[in-house]
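Have the model open and follow along.

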Amino acid sequence: MNRIAGTLLLLIPLFFAFAPSRQAAAFPVGGTISIDPETGEGEEAGMEQPGIVDYSDRLIIRPYLLIPMNFLTISRYNTEKGFSSEEVAYLPNPSLCAGAGFSWWIFGFSFHTAVVPLRDTAVYGKTTFLDIQFNYYFRKIGFDLFYQRYKGFSLENSRSYGLFQGFPGAHRPDLSITAIGGNLFYIFSDGFSYNASFKQTERQTSSGGSFILMTSIINYTIDSSYSLIPPSQEIFYSTDTGFRGGSFTSFGLSPGYAHTFIIGENFYITPSLCVGSGLMKKSYRVLIGERNKYGSFIKVNCRLAAGYNADRWFYGVALVVDITSTKSSLGGVGISASNIGGFIETFAGYRI
């Protein structure tokens, strides 16, 4: 997982478009009301801003650059003996994508297209992909829907296994990963907004957070022509040697917490983390045949956003990472195949 984290940091693009803030009317959600005891008339108290400002009555234009992600890591574990083999990681040759989004009221549309691969295709090969992700955030609930199909990967750090980039085993054009599913989550607090940090249809004016409960249904399949374990590592896999893919279907619950920190007047940073488990049906292929069993799994969903969000202009960067691992959350012995999907996005926009 350390290699994946390092790769994510290297892929984050730097893109900031600065523009001055302009004040205009917006529809406030929350805040305080003062009542004149003599007239009975009320007005908003001027000494306190609303915690969340709603901009759904405006047309929002949001161009962005985006890097979709889909990684695979494999290892074998034995918690009874405190053993875990070295993590084998397969990365696609990701593409930088450019797109634009438009939203008004409850309607929204966005589209992006691949511009250029981020790594040398002569060394890391080509990755073909279809990546469709929908991320909806409302005041109390939100959900993600996604379909990702990637084909063509490279073995990360292949030299340490005696394999060199561009040679069989290091580059795997036969490896394909398909993930389909969704996350549904409930936000407990009224003083926190995912929309403000990730979609900019709102603006959070004071720091605040919320506990979150997420439920997930995900299926991902891994398919390859021959073993995904480097020859030098096969000895550590025992009865799981020759692992070449399978189908994994999971249902689980993941509690978590998110918090937005407001810095100054309009700058923000929002970390969010949900971790959980549930039931997974595991069907996978190894050298001695096919294995079918039920067990627990590990689920991690993390989001991070930071930027500038004023009345008219906004810009920033966002990261969403969704990890589903076949590793049992209850321990034991088995193979861990982790599918890591999500995206890195940098954006700027304007509200009309």
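α3, β13 (202–204) and β15 (245–263) each give at least two residues to the lining of the second largest cavity. Helices here are DSSP runs of H or I with at least four residues, strands are runs of E with at least two, and both are numbered from the N terminus. A volume is the space filled by probe spheres set on the points, with grid points joined across faces, edges and corners.

Before going further, keep in mind that this is a predicted model, where local features need pLDDT of at least 70 and side-chain atom pairs count only at pLDDT 80 or more, though totals for chains, interfaces and linings use all residues. Residues are numbered from 1 along each chain as its sequence is written, and side-chain values use heavy atoms, leaving out hydrogens and water.

Back to that second largest cavity, then. Its volume is about 60 Å³, and its lining includes Ala196, Ser197, Arg203, Gln204 and Tyr268. By class, the lining splits into 3 nonpolar, 5 polar and 2 charged residues; Ala, Val, Leu, Ile, Met, Phe, Trp, Tyr, Cys and Pro count as nonpolar, Asp, Glu, Lys and Arg as charged, and the others, Gly among them, as polar.

How many cavities of 30 Å³ or more are there? The count comes to 2. The largest cavity has a volume of about 160 Å³. It is lined by 17 residues, and nearest its centre you'll find Gln133, Phe146, Asp322, Gly341 and Gly342. Two or more lining residues come from each of β10, β11 (141–155), β12 (171–187), β18 (313–325) and β19, with β11 giving the most, 4 residues. The classes here are 6 nonpolar, 9 polar and 2 charged.

Now for the open space. The largest pocket has a volume of about 1,200 Å³. Of its 41 lining residues, Gly108, Ser110, Asn135, Tyr136 and Lys199 are the closest to the centre. Elements that give two or more residues to this lining include β5 (60–78), β9 (107–117), β10 (128–137), α3 (194–198) and β19 (333–351). The largest share, 9 residues, comes from β10. This lining holds 23 nonpolar, 10 polar and 8 charged residues.

Two backbone spots deserve a look. Gln200 sits in the loop between α3 and β13 and has a positive phi of about 60°, although it is not a glycine. Is Gln200 buried or exposed? Gln200 is buried, with a relative accessible area of 0%; buried means under 20%, exposed over 50%, and partly exposed in between (1.4 Å probe, protein chains only). Ser238, in the loop between β14 (208–223) and β15, also isn't a glycine and has a positive phi of about 50°. Ser238 is partly exposed, at 45% relative accessible area.

Finally, zoom out. The protein has 3 helices and 19 strands, and 50% of its 352 residues count as buried.

Definitions and conventions:
1 Å grid on protein atoms, 1.4 Å probe; cavity = no way out; pocket = protein on both sides within 12 Å on 5 of 7 lines; lining within 4 Å.
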